[in-house]
Amino acid sequence: MTTATQPFQFATAAYLTCVENQKAETIAGLFHTLEQASDAAIFYHTFQSLGRYHFLTEGFSNDFAQWVLASHNQPLLAERLASIDVRDYVSIAELRADLRRIISEYSEQHVQQARQCAFEPFYFCRAIEVTVPLPWDARTLAGFRAGVERMSHASFYHHFIASRLRLQLHTNDFSHWFATALGLEELANRTNRIDIYTNTLDTARQELIELVDREIDT
Amino acid sequence: MTELFSAAPASLDPYVPVVGAAEVEELRALATPLEGLTVDMLNSTAVGGGVAELLTRLLPLMRGVGLEGHWHVMEADQEFFEITKAFHNALHGSAYQPGPCDFEIFREYNRRNQERLPLDSRFVVIHDPQPVAMIDARNGAHSSNWIWRCHIDLSRPDPRVWSFLQPYVVRYDGAIFSSPEFARQLAVPQYLFYPSIDPLADKNQELEPEFVAGVLARFGIDSGRPILTQISRFDRLKDPVGVVRAYRLVKRYFDCQLVLAGGGASDDPEGSQVLSEVNEAAADDPDIHVLELPAASPLEVNALQRASTVIIQKSLREGFGLTVAEALWKKKPVVASAVGGIPIQVIHKHTGLLAHSVEGTAYQVRFLLSHPEIARRLGEQGHEHVRENFLITGNLKRYLTLFLHMSDWNRS
């Protein structure tokens, strides 16, 4: 079995949610507040909502879409916001611009709805990440598999989803390690294609383990 | 000031079957860098109320992962608690006319408590407004971190009370709120800690079916027909009469029963009046069960929730509304009002259904009774939502994360 040039160091991340001093009460207000909101707040309500609500596999994509649906009853805009796939983004600036573009287009065509007050305001939050290394690493695929089996949801989320912005690449920690430390490009690509929207963190982890098992068998 | 807690640490092992070994291992990993650090927690009451209940469970777990946690309770006389009760109501928006000495009495009791106890731990967590002025005891070197944990809704406070308390609050290193809606615009960081339930407590633990059946039999409830339940105090803000009206709308289509169970009627004049109104609204319908339970009936509440087909929480105003988390933990479909902390727990169409009126509540209940497979999915997802966000292990994790953050862990 191939030994990696660099070990994979498993870590876990815990998140401390901070309440920002910003809120939106209308769709038009959301458009404006999105311009001023911190990158960390945009990250929290998109990338991190995937981790917080990973057990929802149908119809939940990000906090903005959910608010538009539940507090405004505007399924058209909610659907468009929900269609945003965070895997397409390596910078918050691009993501922010697309969110604002979608809301702007909707607001131009639905002026009255954009000014209606929501049942509940949208409160902007952000999260502070605290990472702690776990007391195990992996130098082979077998060791990696054993490590993945021991991971918590937070640890898996940290390596598989939050890592994309940290790496500033269209990839994740696992694929990055497969490609750079083991030279397993195909496994890296297949891992990166695991759908984080239709999977829970548990089923995504299971898919990863199955991919690794197949690689070990070959 | 009395230190209440110095009992043996509690192990996280019993939580492994509930949250999984990985989550427990992660809690221990987060606690490792904090091992031996001291934590003082201070509140105003040793028994009764959600804060005391929380600290009773949280401190042993904190000790179990290696922190030296201490729980202290303020000592004060009736005059202090009458003033802080008035503060409490005023912070929730009630009218308040301060007495000439109210603020000075408040300060004086805080001063006396400062003299009784040196709060010299690495982390000091002050719960709620009563001891907020204890920040005066902080030493000048700022070698410790002081955190104010506010369990109440500050979204519409009386300005006189808030302008008195705010100068104390902004001297803390951070404030913790239960919902973004409850927070204020402050110059210090505001953290979000959801309230939590203990899955191993009597109110939430698994029960034998025989026990549940026995409770139903004791109250004359038919287990063979749908049961709609609201668990809450007999309080107008919980709108029990509105629940009866919603039930009557559902009853046109489904042969169901309604259970309204709670306390608060025997020791509260308004509670007994509300109870009379509920009984009047129920009239002589044998399928409406109005149960006034003693304060300590956690197993009965647990059984009633587990036996229910749909749980309702039709509050007009609400704090966080942890009865919703209790119901979700039991995988029950919930129909609840979109007020207070409820929308955080009930993600509409994902972990339950939100409603804004009697008619809306009735419609959502009918929908769930007509679509048991959707009701089951909502219950399952609600259970996962609670597992991820509203269990005491999550609360412990948030404290550990906060302490790591304040220790500059990732910057060291």
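How many residues does the contact take from chain B and from chain A? It takes 38 from chain B and 36 from chain A, with contact meaning heavy atoms within 4.5 Å.

Some ground rules before going on. This is a predicted model, where local features need pLDDT of at least 70, side-chain atom pairs count only at pLDDT 80 or more, and totals for chains, interfaces and linings use all residues. Residues are numbered from 1 along each chain as its sequence is written, chains are lettered from A in the order in which they are written, and side-chain values use heavy atoms, with hydrogens and water left out.

As for confidence, the model scores ipTM 0.88 and pTM 0.90. Chain B averages a pLDDT (the predictor's confidence in each residue, from 0 to 100) of 92, and 96% of the residues score at least 70.

Back to the interface. Chains B and A bury about 3200 Å² between them, 62% of it on carbon and sulfur atoms; buried area here is the accessible area (1.4 Å probe) that two parts lose on being put together, summed over both. The rule finds 1 salt bridge across this interface, meaning a side-chain nitrogen of Lys or Arg within 4 Å of a carboxyl oxygen of Asp or Glu. A:Arg150 and B:Glu25 make that link through their side chains, at 2.5 Å from N to O. On chain B, the elements giving two or more residues to the side that touches chain A are helices H2 (21-31), H14 (372-389) and H15 (392-406), plus strand S7 (190-192); helices (H or I, at least four residues) and strands (E, at least two) are DSSP runs, numbered from the N terminus.
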